Amino acid sequence: MEITKEMTMGQILGVDPDIAFVLMDCGMHCVGCPSSIGESLEQACMVHELDADDVLDRIKSFLAEKAKA
């Protein structure tokens with residue numbers, strides 16, 4: 001499944017719950033917060049003053065490395 005900035009945090013974590021570690025490493029420590037689950041990745045990045053493209057790239061890199069293992 002292709003992950004996009006428009007997907008909600010809940011959808012992204014549904015793809016792979018371990019993505020939470022990537023998000024926390026980026027500075028999103030409220031990954032489990034009920035309100036964050038309904039936000040898109042882009043919205044969550046705006047709240048945390050993060051570059052959504054950078055976070056998305058980190059998620060995709062994480063998933064690619066995990067697939068190799």
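Buried means under 20% relative accessible area, exposed means over 50%, and partly exposed lies in between, with a 1.4 Å probe and protein chains only. This is a predicted model, so local features need pLDDT of at least 70 and side-chain atom pairs count only at pLDDT 80 or more, while totals for chains, interfaces and linings use all residues. Residues are numbered from 1 along each chain as its sequence is written, and side-chain values use heavy atoms, without hydrogens or water.

**Stop 1: Ser-40**

Select Ser-40. At 11% relative accessibility, Ser-40 counts as buried. Ser-40 sits in the loop between α3 (34-37) and α4. Helices here are DSSP runs of H or I, at least four residues long, numbered from the N terminus. Now show the contacts, meaning heavy atoms within 4.5 Å. Neighbours within four places in sequence are left aside. Ser-40 then contacts Lys-5, Glu-6, Met-7, Thr-8 and Met-9.

**Stop 2: Ala-44**

Move on to Ala-44, in helix α4. Ala-44 is buried, with a relative accessible area of 3%. Not counting residues up to four places away in sequence, Ala-44 touches Met-9, Met-28 and Glu-39. Next, pick the C-alpha atoms of Ala-44 and Thr-8. These two residues are 36 residues apart along the chain, and their C-alpha atoms are separated by 9.0 Å.

**Stop 3: the cysteines**

Select Cys-26 and Cys-45. Are they buried or exposed? Cys-26 is buried at 12% relative accessible area. Cys-45 is buried too, at 1%. A disulfide is a covalent bond between the sulfur atoms of two cysteines. The cut-off used here is a pair of cysteine sulfur atoms within 2.5 Å. The disulfide count comes to zero.

**Stop 4: helix α5**

Select residues 52-68, which form helix α5. How far apart are its end C-alpha atoms? They are 24 Å apart. The expected span is 1.5 Å times one less than the number of residues. For the 17 residues of α5 that gives 24 Å, which agrees.

Now colour Ala-52, Val-55, Leu-56 and Ile-59, which are buried in α5. They cover an arc of only 100° around the axis, so they lie on the same side of α5. The arc is taken from the directions from the helix axis to the C-beta atoms. Show the neighbouring helices as well. The buried residues of α5 pack against α1 (9-15), α2 (19-26) and α4 (41-47).

Go to the N-terminal end of α5. Asp-51 caps it, with a side-chain oxygen 2.9 Å from the backbone nitrogen of Asp-53. For reference, a polar contact is a pair of N or O atoms within 3.5 Å; within protein, one must be able to donate a hydrogen and the other to accept it, and residues adjacent in sequence count only if both atoms are side-chain atoms.

**Stop 5: Asp-16**

Select Asp-16, in the loop between α1 and α2. At 10% relative accessibility, Asp-16 counts as buried. Which residues does Asp-16 touch, not counting those up to four places away in sequence? They are Phe-62, Leu-63 and Lys-66.

**Stop 6: salt bridges**

A salt bridge is a side-chain nitrogen of Lys or Arg within 4 Å of a carboxyl oxygen of Asp or Glu. How many does the structure hold? There are seven.

- Select Glu-2 and Lys-60. They form a salt bridge, with the closest N and O atoms 2.7 Å apart. The pair links distant parts of the chain, with Glu-2 in the segment before α1 and Lys-60 in helix α5, 58 residues apart. Glu-2 is exposed at 53%, whereas Lys-60 is partly exposed at 34%.
- Select Arg-58 and Asp-25. Their closest N and O atoms are 2.5 Å apart in a salt bridge. Arg-58 lies in helix α5 and Asp-25 in helix α2, so the pair ties together parts 33 residues apart in sequence. Arg-58 is partly exposed at 31%, and Asp-25 is exposed at 57%.
- Select Lys-68 and Glu-65. This salt bridge has its closest N and O atoms 3.5 Å apart. Both residues lie in helix α5, three residues apart, about one turn of the helix. Lys-68 is exposed at 67% relative accessibility.
- Finish with Lys-5, Glu-42 and Asp-53, which are linked in a network of salt bridges.

Conventions. Helices (H or I, at least four residues) and strands (E, at least two) are DSSP runs, numbered from the N terminus.
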